[in-house]
Number of protein chains: 2
Amino acid sequence: MREVAILGIGQTSVGEHWDKSIKELAGTAILATLNDAKQDTADALFIGNMLSGILSKQENLGGLISDWIGLPGIEAEKVEAACSSGAAAFRAGVMAVGSGEVDSALVVGVEKMTESLPIETTEALATAADADYESAQGLSFVAINALVMQLYLYTYGWKHTDFAPFSINAHSNALHNPYARLHEKITEKDYISARMIADPINLLDASPIGDGAAAVLLVPIDSFNKYPRRIINIVGSASATDSIAIHSRKDPLWLSAAEISAQKAFDQAGLAPADIDFFELHDAFSIMSVLSLEACGFAERGNGPRLGLDGSIAINGKLPITTRGGLKARGHPVGATGIYQIVEAVQQLRGEADRTQVRNARIGMTQNIGGSGATIITHILKAQ
Amino acid sequence: MREVAILGIGQTSVGEHWDKSIKELAGTAILATLNDAKQDTADALFIGNMLSGILSKQENLGGLISDWIGLPGIEAEKVEAACSSGAAAFRAGVMAVGSGEVDSALVVGVEKMTESLPIETTEALATAADADYESAQGLSFVAINALVMQLYLYTYGWKHTDFAPFSINAHSNALHNPYARLHEKITEKDYISARMIADPINLLDASPIGDGAAAVLLVPIDSFNKYPRRIINIVGSASATDSIAIHSRKDPLWLSAAEISAQKAFDQAGLAPADIDFFELHDAFSIMSVLSLEACGFAERGNGPRLGLDGSIAINGKLPITTRGGLKARGHPVGATGIYQIVEAVQQLRGEADRTQVRNARIGMTQNIGGSGATIITHILKAQ
């Protein structure tokens, strides 16, 4: 496969965009991306989206969005892998450009979630779980994660408070990201006293949903001599699956698909965990940050919370995470999240991350999780 | 891109499979495919599906189905492009294997539609149209096609009866396909007197929905020396879009995305329409057969019905179409249809098409349409 790089990025803020339809959200991010890349077209469009059919009664986003952005005729399709739809679409774009079938590909992640009733959104999100053996039994998504977190606390003896640093760090970083949904500094006291959602997950363990879109433009790296821009190269790209229902997994506290996809991405890049300068992980719930860090080799099994407690995850720490606010504070417009992570990693690698800039950031990793770990997609980006 | 070929095929019958969930349908087709290919695993799984989220409350099919077929861990994702989801997933598989990212890919198209109330299915199918400017105005999918057919009759002066050969041919071919939904011979008299659905589209102009799954296994062609099997090579693969709403198109009677994708596929293959031995086209409604034949260069503009009237489309005609029953009689489980077309083309090219075998079939074309022409994907297969 020929090498692929990111030429442009764009995003909308994450929030309640009641004045914008799904195509307008996607279009805004795509046009920002084309402007950033100083291009006016692309050969193909890959769309990461999970819920448009259920919540907006709109499928066929390929035709809808390519038409709306003024490029009817180009190849376009939607890729769905629950909350990892964004990274799945990104990987589809990488393979399309890498294979030589197209010479440039836009990838947009888009989701519109806040227009529906909360119960509708909760039910729609539960389609990421096993419909027969989880959702049909009344398990919402937060309930599934609560079971996992409860088991983690019981198994390894951590206290709920030990997870506070993950939420505090995310909120702190989001203060400097104008596109973030939440601009609210929180303290450990706020974390401890937050309203309980599904014991032990409280409001400040959970990421907020939102409307939003983020996009990138992919081109072959050998075309970069045409562009006066720092090359952000995709050096690792891998996707893996696990049993969809947590009760089917040998170890519900181990994200096997994170381990497989991260290991593949490391191997492709010829890198090890110690080489990663920052990690945009999938903190849909604080427990997921911990499981992701462990499965990727950044922490020993059962020791993930230590990276929060010892300050490793801070911007000036050993392994900064969620540097632009993460899902927790930038927000989690599910099918768009994977592309927000990529866009934010590119900001870091270009040195455009403002007051949350990681010093000398050259290699960034992103990881997008679908369901409670059923689909996990890992990318490693490198500034040339 | 390295060349890609089809090593195995499998399918379930199209029908009302009330005893089978979506994962069981997909699993049945996939296991048949692995058996056919004499393999027991694959590196990746691409799933063509449109409606699982809306009708089965189940997204994240990648995790669900890879788990169910006993291959948790492999890369897997769903691709959606309305009724062309099957071909879109197939093309994603072709690019994945072609790029070298994976060495084998299963592609399954699966849809479960008959368990829902008819009004729910009709509403779900309308998500393929423009939600704001078509569906919200009360246009169902058959209504959109009725407007197109009405305009066609008016513009070119054909009579409704002139479309009869397309339905009669499809039903006749399906008699010899054990997997087809309808095994009913129909006559011109049946066609004329069929119940009206949306004037001028009557029941025998329209394809039936259904539950079903079809699958293929893709491998690089250079690995074929390992396999004692006729090579079915993918020599053309292209996807294109058009405005999603028909009123936005300069000419609502011209499938621009069919023209673009067919032309690209012909160019890739170094072939012209005259080289095609048979054509599995997307006869969701009889008008779509005509528009597809015209846009791909098999008939002059406004002259598509002639290929039915002069017998060209019959098994022993100049350009046999819908050789195993087409959408009209094999049935149209929407996200699976594109893979059924590929499977049937492979049957022809292997000489396994029984009493509807096209003589000396060496080059077959398939075309899958999403929405009323918003996404159209064309493939050309060649027996080596």
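Buried means under 20% relative accessible area. The model used in these exercises is predicted.

**Exercise 1. An enclosed helix**

Task: Determine how many residues of helix α10 (residues 286–295) of chain B are buried, and say what follows for the helix.

Solution. 
Step 1. List the buried residues of α10(B). They are B:Ser286, B:Ile287, B:Met288, B:Ser289, B:Val290, B:Leu291, B:Ser292, B:Leu293, B:Glu294 and B:Ala295.
Step 2. Set the count against the length of the helix. 10 of the 10 residues are buried, so helix α10 of chain B is largely enclosed by the rest of the structure.
Step 3. Look past the end. α10(B) is followed by B:Gly297, which has a positive phi, near 90°.

**Exercise 2. The contact between the chains**

Task: Describe the contact between chain B and chain A by its residues and its buried area.

Solution. 
Step 1. Count residues. Chain B gives 57 residues to the contact, and chain A gives 57 residues.
Step 2. Take the area. The two chains bury about 4,200 Å² between them, with 47% of it on carbon and sulfur atoms.
Step 3. B:Asn60, B:Glu80 and B:Glu101 supply 15% of the area that chain B buries against chain A, more than any other three residues.
Step 4. Count the polar links. Chain B and chain A have 32 residue pairs in polar contact, both residues being at pLDDT 80 or more.
Step 5. Assign elements. On the side of chain B that touches chain A, two or more residues each come from α2 (52–55), α3 (61–68), β3 (75–80), α4 (85–99), β8 (232–241) and α9 (256–269) of chain B.
Step 6. Sort by residue class. That side of chain B holds 25 nonpolar, 19 polar and 13 charged residues.

**Exercise 3. Strands across the interface**

Task: State in which sense, parallel or antiparallel, β3 of chain A pairs with β3(B).

Solution. 
Step 1. Read the pairing. Strand β3 (residues 75–80) of chain A and β3(B) pair in the antiparallel sense, over 3 bridges.
Step 2. Pick one bridge. A:Lys78 has B:Glu80 as its bridge partner in β3(B).
Step 3. Link back to Exercise 2. B:Glu80 is also one of the three residues that together supply 15% of the area chain B buries against chain A.

**Exercise 4. Salt bridges between chains**

Task: Count the salt bridges between chain B and chain A, then locate the one formed by B:Glu75.

Solution. 
Step 1. Start with the whole structure. The search finds 24 salt bridges over all chains.
Step 2. Between chain B and chain A the count is 4.
Step 3. Take B:Glu75. Its side chain meets that of A:Arg91 in a salt bridge, 2.6 Å from N to O.
Step 4. B:Glu75 lies in strand β3 of chain B, and A:Arg91 in helix α4 (residues 85–99) of chain A.
Step 5. B:Glu75 and A:Arg91 are both buried.
Step 6. B:Arg91 forms a salt bridge with A:Glu75, with the closest N and O atoms 2.6 Å apart.

**Exercise 5. Salt bridges within a chain**

Solution. 
Step 1. Apply the cut-off. A:Arg330 has a relative accessible area of 0%, so it is buried. A:Glu344, at 0% relative accessibility, also counts as buried.
Step 2. B:Asp36 and B:Arg350 are buried.
Step 3. In chain A, salt bridges with shared partners join A:Asp36, A:Arg350 and A:Glu352 into one network.

**Exercise 6. A loop residue**

Task: Decide whether A:Asp242 is buried or exposed, and list what it touches.

Solution. 
Step 1. A:Asp242 sits in the loop between β8 (232–241) and α9 (256–269) of chain A.
Step 2. Its relative accessible area is 9%, so A:Asp242 is buried.
Step 3. Leave out residues up to four places away in sequence. A:Asp242 then touches A:Arg249, A:Trp254, A:Ser256, A:Ala257, A:Gly373, A:Ala374, B:Gly63, B:Pro72 and B:Gly73.

Note on methods. Residues numbered from 1 in each chain as written. Chains lettered and ligands numbered in written order. Predicted model: local features only at pLDDT ≥ 70, side-chain atom pairs only at ≥ 80, totals over all residues. Heavy atoms only, no water. Contact = heavy atoms within 4.5 Å. Buried area = accessible area lost by both parts, 1.4 Å probe. Polar contact = N/O pair within 3.5 Å; in protein donor to acceptor, adjacent residues only side chain to side chain. Helix = DSSP H or I, 4+ residues; strand = E, 2+ residues; numbered from the N terminus. Nonpolar A, V, L, I, M, F, W, Y, C, P; charged D, E, K, R; others polar. Pairing = 2+ DSSP bridges. Buried < 20%, exposed > 50% of the residue type's maximum accessible area, 1.4 Å probe, protein only.
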